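Have a look at the fold first, then read on.

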Amino acid sequence: MRALLIDDDQKLSELLKQYFHQYGIDVVAAFHPKKGMELMRSENPDIIILDVMLPDMDGFSVCKEIRKESDIPIIMLTARGDTTDKIVGLEIGADDYLAKPFEPRELVARIQTIVRRSQTRTPKKSLLIGELEIKLNERDALLNGESLQLTSNEFELLSYFASHPGKKIDRDEIMNHLRGIDANFYSRSVDILVSRLRQKLGDDSKSPRFIKTIWGEGYVFLGEAP
């Protein structure tokens with residue numbers, strides 16, 4: 001497994017390189033956002049660990065640039081521990097976040113969970129819901145033939161919804177399915193994730209085609225795959 005670390009803290013970089021080695025994770029480090037983008041393109045990492053506080057360009061801007069090119073899973077690091085930072089990170093496409101200081105073993109666990117989920121392959125199979133096609137093997141979703149460019153968490157949530165049509169799914173169930181995000185903020189994080197997914201589906205929460213909100217209870221996926 002290869003992880004790209006974009007963080008200007010060189011001591012942290014060396015610590016993580018040494019620590020991650022025992023778990024079979026090779027760390028490629030960049031201390032500047034521009035170099036990080038170059039390494040993302042050349043090294044083909046399995047996951048990106050991205051600090052919020054960076055020189056010249058903050059981590060949120062870097063995350064947006066990455067998402068223009070790739071759906072590689074991203075874990076954001078924030079030294080401030082501010083809930084707002086975490087919410088913003090999720091809104092722009094990060095898969096997870098972790099506040100500094102953190103235990104390296106916790107970061108390893110989150111990396112392993114996210115990469116394992118993103119690399120899971122099922123037998124070739126698609127779910128067809130009207131004009132929406134969910135390609136489970138390719139981990140891609142198309143609406144009217146156009147890729148929705150979903151992040152790992154967005155795809156995971158959409159495929160989970162589509163696999164349980166007509167069933168009320170509450171936030172706790174979503175939390176259990178999408179492991180790895182801090183439970184203290186997860187209720188709000190689920191809402192953000194659903195909102196992002198709706199936006200890419202072009203779905204109106206007031207007159208939904210795909211995802212209906214059951215206020216105070218959860219969500220229901222309206223379509224049904226044959």
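This is a predicted model: local features need pLDDT of at least 70, side-chain atom pairs count only at pLDDT 80 or more; totals for chains, interfaces and linings use all residues.

Residues are numbered from 1 along each chain as its sequence is written, and side-chain values use heavy atoms, with hydrogens and water left out.

**The second largest cavity**

- On a 1 Å grid over the protein atoms alone, a cavity is a set of points where a 1.4 Å probe fits but cannot get out, and lining residues have an atom within 4 Å of a point.
- For volumes, grid points are joined across faces, edges and corners, and the space filled by probe spheres set on the points is what counts.
- The lining is made up of V52, F60, M76, T78, D85, K86, G89 and Y97.
- Both β4 (74–78) and α4 (83–91) put at least two residues into this lining, and α4 has the largest share with three. Helices (H or I, at least four residues) and strands (E, at least two) are DSSP runs, numbered from the N terminus.

- A pocket is an open set of grid points with protein on both sides within 12 Å along at least five of seven lines.
- The second largest pocket has a volume of about 160 Å³. It is lined by 13 residues, of which D191, R198, T213, W215 and Y219 are the closest to its centre.
- α8, β11 and β12 each bring at least two residues to the lining of this pocket, with α8 giving the most, four.
- Its lining divides into four nonpolar, four polar and five charged residues.

**Aromatic pairs**

- There are four aromatic pairs, counting rings of Phe, Tyr and Trp (its six-membered ring) with centres within 6.5 Å; planes under 30 degrees apart are stacked, over 60 edge-to-face and the rest tilted.
- Y19 and Y23 make a tilted pair, because their ring centres are 5.5 Å apart and their planes sit at 45°.
- Y19, at 23% relative accessibility, is partly exposed, and so is Y23 at 29%. The cut-offs are under 20% relative accessible area for buried, over 50% for exposed and partly exposed in between (1.4 Å probe, protein chains only).
- F210 and F221 are stacked, since their ring centres are 6.3 Å apart and their planes at 25°.
- That pair links distant parts of the chain, eleven residues apart: F210 is in the loop between α8 (186–201) and β11 (211–214), and F221 is in strand β12 (residues 218–221).
- F210 is buried at 3% relative accessible area, and F221 is buried at 0%.
- Y19, F20 and Y23 form one aromatic cluster.

**S159**

- S159 sits in helix α6 (residues 152–162) and is buried, with a relative accessible area of 9%.
- A polar atom of the S159 side chain lies 3.0 Å from the backbone oxygen of E156.
- Leaving aside residues up to four places away in sequence, S159 touches L127, I134 and L136, where contact means heavy atoms within 4.5 Å.

Notes. A polar contact is a pair of N or O atoms within 3.5 Å; within protein, one must be able to donate a hydrogen and the other to accept it, and residues adjacent in sequence count only if both atoms are side-chain atoms. Ala, Val, Leu, Ile, Met, Phe, Trp, Tyr, Cys and Pro count as nonpolar, Asp, Glu, Lys and Arg as charged, and the others, Gly among them, as polar.
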